[in-house]
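Here's a quick briefing to read alongside the model. Have the sequence and the 3D view open and follow along.

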Amino acid sequence: MNQELVIDKTIVSEFINAVKKVLNITAGEDVKDQVSYLEKSAEIPGEISATIDIEGDLRGKVAVSFARDYARTITSKIIGCDESELSEEDVEEGMGEIVNQVTGKVRTDLWNYGYRFNISIPEIINAPISQIQTYEIIPVHIIVFKANKSMFAVQINVQEKNIL
Amino acid sequence: MKILIVEDSRLMRKAITKIVVAKGYEPLEAENGEEALKQLCTNKSEISLVIMDWNMPIMDGIDALEKIREDEQYDDVPVLMATSEGIKEDIDRATKAGANGYMVKPFKMQELANKISELIET
C-alpha cells in the first residue's frame, strides 16, 4: 500500500457516525469508536464479517466484523425476537443488513459533499476482517468500536476515484 | 387485509412481518420486484399496502413500482418505499413514480408501524 494514501477524514467520520446511528436505531445499542488501525492487525476483533462494494466517485470495499455471539444479539434486537429463535442464516443476514444500512447512510450523507456512488448487495464471510481481501492500491482504515458487551470492527477500504 | 412485503433480505422480511402481524394484517412476502408483481396479480384486491425495498436482485423496487403504477387495477394500492436509498434524487424519483410513502433505513420498527396505519387508514 502507498503509505501516503489515507482515507479522507470526512469519509471516516461519516462511517463512524453511520455505525453509531444504525446500531442505535435498529438495535438500541450505544457504541463508541475506540481505536483506529491503518493496517490489518491480529488485535482487531471479529469472527463473522459482511462486506459491500462501492462503485462511483468513491470506490472500494466496506466490511463489518462481529463476534458471533454479539452478531446474534444484534440480530435478535433488529428483529425483536429471542436469540434462541435465530438460525445461523438469520445471524448472517443480520450482518449483511448492518453493512447495507451503514453504507447506505454514508452514501446519503456523502452526497452532500459531492460524492456519487452505488453500493452492491452484501456478501457474508465467515472470517474476521484480517482474512478479508482488500484492494491493495487503496488505503485501509479499520475502526474498532466498543459496545456494551463486545467489541467489533469496521473496515473502510475506499478511495476517491480521481486519486486512483 | 393483506400487506405485501417486498424485501430481498429474509431477515428484514421477518422483522417487518412481525410488525404487520402485530397490527392485525396478513403478511405476504416477495424477494424481489418480479415476485411482487406475481403476488399482486394473484391476490389482486386483497392487498391493502405494498412495502417495497429498492436495492434487490432480478427486479429492483423502483422498476417494480413503475410497473405497478402502469397498471390501473392497482391505482388504489398504496406503495411504501422502505429502503437505504436516502438521497433526495432517489426520494423524488420514487415519488414521481407513484410511491405513497418513503422511509429511509435505518428506522425504528415503531415508525414503520405508524406509517402502515397512516397509509392504510387514508
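In this predicted model, helix 1 of chain A has a buried set made up of A:Ile11, A:Glu14, A:Phe15, A:Ile16, A:Ala18, A:Val19, A:Val22, A:Leu23, A:Thr26 and A:Ala27. Among the elements covering those buried residues are strand 1 (32-37), helix 2 (68-79) and helix 3 (88-111) of chain A. Strand 6 (141-146) and strand 7 (151-160) of chain A are also part of that cover.

**Helix 1 of chain A: length and end**
- Helix 1 of chain A covers residues 9-27, which is 19 residues.
- At 1.5 Å a residue, helix 1 of chain A should span 27 Å, and its end C-alpha atoms do sit 27 Å apart, so the two agree.

**Where the chains meet**

**Helices 3 and 4 of chain B**
- Helix 3 (residues 61-70) of chain B packs against helix 4 (residues 88-97) of chain B at about 20°, and their axes are 9 Å apart.
- Angles under 35 degrees count as roughly parallel, so helix 3 of chain B and helix 4 of chain B are roughly parallel to each other.
- The crossing of helix 3 of chain B with helix 4 of chain B is left-handed.
- From helix 3 of chain B, the contact uses B:Ile62, B:Leu65, B:Glu66 and B:Arg69; helix 4 of chain B answers with B:Arg93, B:Ala94 and B:Ala97.
- That contact between helix 3 of chain B and helix 4 of chain B has four nonpolar and three charged residues, with no polar ones.

**B:Leu112 and its contacts**
- You'll find B:Leu112 in helix 5 (residues 109-121) of chain B.
- Is B:Leu112 buried or exposed? B:Leu112 counts as buried because it has 20 C-beta neighbours inside 10 Å.
- Leaving aside neighbours within four places in sequence, B:Leu112 is in contact with B:Ile16, B:Ile19, B:Ala82, B:Met103 and B:Phe107.
- Take B:Ile19 from that list: B:Leu112 and B:Ile19 are 93 residues apart in sequence, yet 7.9 Å apart in space, C-alpha to C-alpha.

Definitions and conventions
Residues are numbered from 1 along each chain as its sequence is written. Chains are lettered from A and ligands numbered from 1 in the order in which they are written. This is a predicted model: local features need pLDDT of at least 70, side-chain atom pairs count only at pLDDT 80 or more; totals for chains, interfaces and linings use all residues. Axes are lines fitted to C-alpha atoms, for helices over the stretch in contact, and angles run from 0 to 180 degrees between N-to-C directions. Helices (H or I, at least four residues) and strands (E, at least two) are DSSP runs, numbered from the N terminus. Angles under 35 degrees count as roughly parallel, over 145 as roughly antiparallel, 65 to 115 as roughly perpendicular and the rest as oblique. A crossing is left-handed if the near helix is turned anticlockwise from the far one by less than a right angle, and right-handed if clockwise. Two residues are in contact if their C-beta atoms, placed from the backbone, lie within 7 Å. Ala, Val, Leu, Ile, Met, Phe, Trp, Tyr, Cys and Pro count as nonpolar, Asp, Glu, Lys and Arg as charged, and the others, Gly among them, as polar. The expected span of a helix is 1.5 Å times one less than its number of residues. A residue is buried if 20 or more other C-beta atoms lie within 10 Å of its own, exposed if 12 or fewer, and partly exposed in between; C-beta atoms are placed from the backbone.
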